[in-house]
Amino acid sequence: MPELPEVEYTARQVRAALVGACIIEAQVFWERSIARPDSATFCQIIVGRRIEGVRRRGKLLLLDLSGDYLLTIHRRMTGNLLVLPPGWRLDCHLQQQDRARWERLGPAFVNEEYQCRCQEPAQKVQEETLCLQHDQPFYCRVCFTLADGRRLLYNDLRKFGKLALWPRAQEAEALAGLGLEPLAPDFTNERLWQLLQGKKRPIKQVLLEQTLIAGLGNIYADEALYLAAIHPLRRADTLNFEEVAILRQAIVAVLQLGIEHGGTSFNDYRGLWGEAGSNYAHMQVYQRTGQACRRCGTPIQRIIVAQRGTHFCPTCQPAPY
Ligand SMILES: [Zn+2]
């Protein structure tokens, strides 16, 4: 699932690639990918608008559009943005011929000239022309055609992600319920300390609550707790001020490291050009169950906290009991 670093990395790529681009066509292939308004109105409103800016809040990607509109993109499990250069053709024949496959795969993208960076000849895979070594089907749910011939695709294998279009006057509503922004200057030791007071749940669980801190998910919560040497089951309100200060620093450090490495790819996350992030190689505890702690050599353990797999070093992160 994309967390703050993956969304921030995408935001920077989209900003560099698409600010100034004008949307001339919008096609929705999976209606429920559009949270609001209905998909016909969504397409009608968005056509003709220019992408004026790109922002991020928590795990939400925000596109500022001309005429005071805001597009929010919540990628959830497997949502990804992809930019296709000009020259690709959409093939929607499955829509008529095979409804079940159409709903799973979306349209095919065809480009006879296509050559992967590895120079291997492309082949047809599930109706798409792809490189067998490097490409997967797109699972495109929404396609924006830009005035310069490029396309911005919203791809989502599992279809949990949501796009929503808001008049800018409703921005507060669009962002309602999001907690502290961990890379903003107001994410101070004092604010985090105040936030944890009275929270009797395990610290790991509290870190995942988007209404308290926006942007942390399972990977970076585990990594931050390891870096701060805090056991994931510690009751949040038992952390002393010094531990809170170290935890705050650790949260910021793991998020910034994740952004530097282009995000963590271990299943479906991809950058804007379909590339995988490299942060997985830098994980200290996440999905390293049974492997030696890089600090002390103790095997990393996995427990379940708030229904989420949680990884920690039992020596570096002493148990609270
Ligand atoms: Zn250790």
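**Stop one: the sheet**

Start with the open sheet of five strands, in the order 2-13-5-4-3 with mixed pairing. Strands here are DSSP E runs of at least two residues, helices are H or I runs of at least four, and both are numbered from the N terminus. Two strands pair if DSSP finds at least two bridges between them. This is a predicted model: local features need pLDDT of at least 70, side-chain atom pairs count only at pLDDT 80 or more, and totals for chains, interfaces and linings use all residues. Residues are numbered from 1 along each chain as its sequence is written.

Now take strand 5 (residues 69–74) and strand 13 (residues 162–167). They run antiparallel, joined by six bridges. Pick Leu70; its bridge partner in strand 13 is Trp166.

**Stop two: the helices on the sheet**

Show helix 1 (residues 4–18). It lies across strand 3 and strand 4 (60–65), at about 170° to strand 3. Angles run from 0 to 180 degrees between N-to-C directions, with axes fitted to C-alpha atoms, for helices over the stretch in contact. Contact means C-beta atoms, placed from the backbone, within 7 Å.

Next, helix 2 (residues 39–46) lies across strand 2, strand 5 and strand 13, running at about 60° to strand 13.

**Stop three: around Ala224**

Finish at Ala224. Beyond its neighbours within four places in sequence, Ala224 contacts Leu247, Ala250, Ile251 and Val254.

How values were computed. Contact = placed C-beta atoms within 7 Å.
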